[in-house]
Amino acid sequence: MLSRAMIAASLVLLGLLAGYVVLLPPSRATATRLELCPREILGLSGTDTPAEQRVLDDLAPDALLMRTYQANESPPVWLVIVYHENARLGAHDPRLCYRSQGFTLQELPAETLETGLGPVPVQRFLATRGARIERVSYFWYTSGARAMAEVKAFRDDMFFQGLRSNRSFGAFVRVSTAVGADPGSAEALVDGFITVVAPVLPRIFPEKS
């Protein structure tokens, strides 16, 4: 059991943190520039998709990009970028979203992609519902132009950002595509999209005016 001294110390720390937030409310980062996300990637043209209200209510994002990239002879690629400021719990697990829509999931090995941003570690899985199969890869992006694969590390980083600079921001990035007769082409397509999108993120989410 915790001693009274430890409990008292914890209450004091919580009180100090609450006072800090009240006296110095988190400041806003500079405006996002989602329009800088390329409209054409790997020969596919992108069209923005409006988010349903239930999605907005669930995510409560500070900025959101949902875009479908298509070409005549290629399967669609879906890009989702969810941006949060000063919201340590803003990130979500995409597996929950897919399961809630009736998909069954198959885990794939994590990988690290070399991009113009630097190494980007990504989590990957297959989502299946009937005849539909999607290949999904995702990662989180945060200040200092850093990418990370684990949501806990992302949330911890958001928390410490707030303590250090009185503001924090980060984004969840997901890329997925339909898997056809050639699973290898789906993997190459998703990986190729990430290598294009990742280096643009520092311009989409600038840290200074």
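These legends describe close-up views of a predicted model of one protein.

**Conventions.** In this predicted model, local features need a pLDDT of at least 70 and side-chain atom pairs count only at pLDDT 80 or more, whereas totals for chains, interfaces and linings use all residues. Residues are numbered from 1 along each chain as its sequence is written, and side-chain values use heavy atoms, with hydrogens and water left out.

**Figure 1. Overview of the protein and its confidence.** The protein averages a pLDDT of 79, where pLDDT is the predictor's confidence in each residue, from 0 to 100. A score of at least 70 is reached by 72% of the residues. Six helices and nine strands make up the secondary structure; helices (H or I, at least four residues) and strands (E, at least two) are DSSP runs, numbered from the N terminus. Of the 209 residues, 42% count as buried, buried meaning under 20% relative accessible area, exposed over 50%, and partly exposed in between (1.4 Å probe, protein chains only). Among contacts between residues at least 6 apart in sequence, 64% join residues at least 24 apart; a contact means heavy atoms within 4.5 Å.

**Figure 2. The segment of residues 11–29.** Over residues 11–29 the pLDDT stays under 50. The model has 17 contacts beyond four places in sequence for this segment. Where pLDDT is low, the predicted coordinates should not be read in detail.

**Figure 3. The largest pocket.** About 710 Å³ of space lies in the largest pocket. The search uses a 1 Å grid over the protein atoms alone: a cavity is a set of points where a 1.4 Å probe fits but cannot get out, and a pocket is an open set with protein on both sides within 12 Å along at least five of seven lines. Lining residues have an atom within 4 Å of a point. Grid points are joined across faces, edges and corners, and a volume is the space filled by probe spheres set on the points. The lining has 28 residues, with V55, M66, V80, Q101 and R174 nearest the pocket centre. At least two lining residues come from each of helix 2 (53–59), strand 3 (63–71), strand 4 (74–85), helix 3 (94–100), strand 7 (132–142) and strand 9 (169–178). By class, the lining holds 14 nonpolar, six polar and eight charged residues. Here Ala, Val, Leu, Ile, Met, Phe, Trp, Tyr, Cys and Pro count as nonpolar, Asp, Glu, Lys and Arg as charged, and the others, Gly among them, as polar.

Figure 4. Strands 3 and 4 pair antiparallel over eight bridges, pairing being assigned if DSSP finds at least two bridges between two strands. A hairpin with two residues joins strand 3 to strand 4, and L65 has I81 in strand 4 as its bridge partner. Strand 4 also runs antiparallel to strand 9, with nine bridges; V80 stands opposite R174 of strand 9.

**Figure 5. S176 in strand 9.** S176 lies in strand 9 and is buried, with a relative accessible area of 0%. Not counting residues up to four places away in sequence, S176 touches P76, V77, W78, Y98, E134, R135, V136 and V190.

**Figure 6. P61 beside H84.** P61 lies in the loop between helix 2 and strand 3. The C-alpha atoms of P61 and H84 are separated by 5.5 Å, although the two are 23 residues apart along the chain. Beyond its neighbours within four places in sequence, P61 is in contact with L56, V82, Y83 and H84.

**Figure 7. Strands 5, 6 and 7.** Strand 5 (residues 104–115) and strand 6 (residues 118–129) run antiparallel and are joined by ten bridges, and two residues separate them in a hairpin. Strand 6 is joined to strand 7 by seven bridges, also antiparallel.

**Figure 8. F125 in strand 6.** F125 is in strand 6 and counts as buried at 0% relative accessibility. Its C-alpha atom is separated by 7.9 Å from that of P109, 16 residues apart along the chain. Leaving aside neighbours within four places in sequence, the contacts of F125 include P94, R95, Y98, L105, E134 and Y138.

**Figure 9. L42 in a loop.** L42 lies in the loop between strand 1 (40–41) and strand 2 (44–48). L42 has a positive phi of about 50 degrees although it is not a glycine. L42 is partly exposed, with a relative accessible area of 48%.
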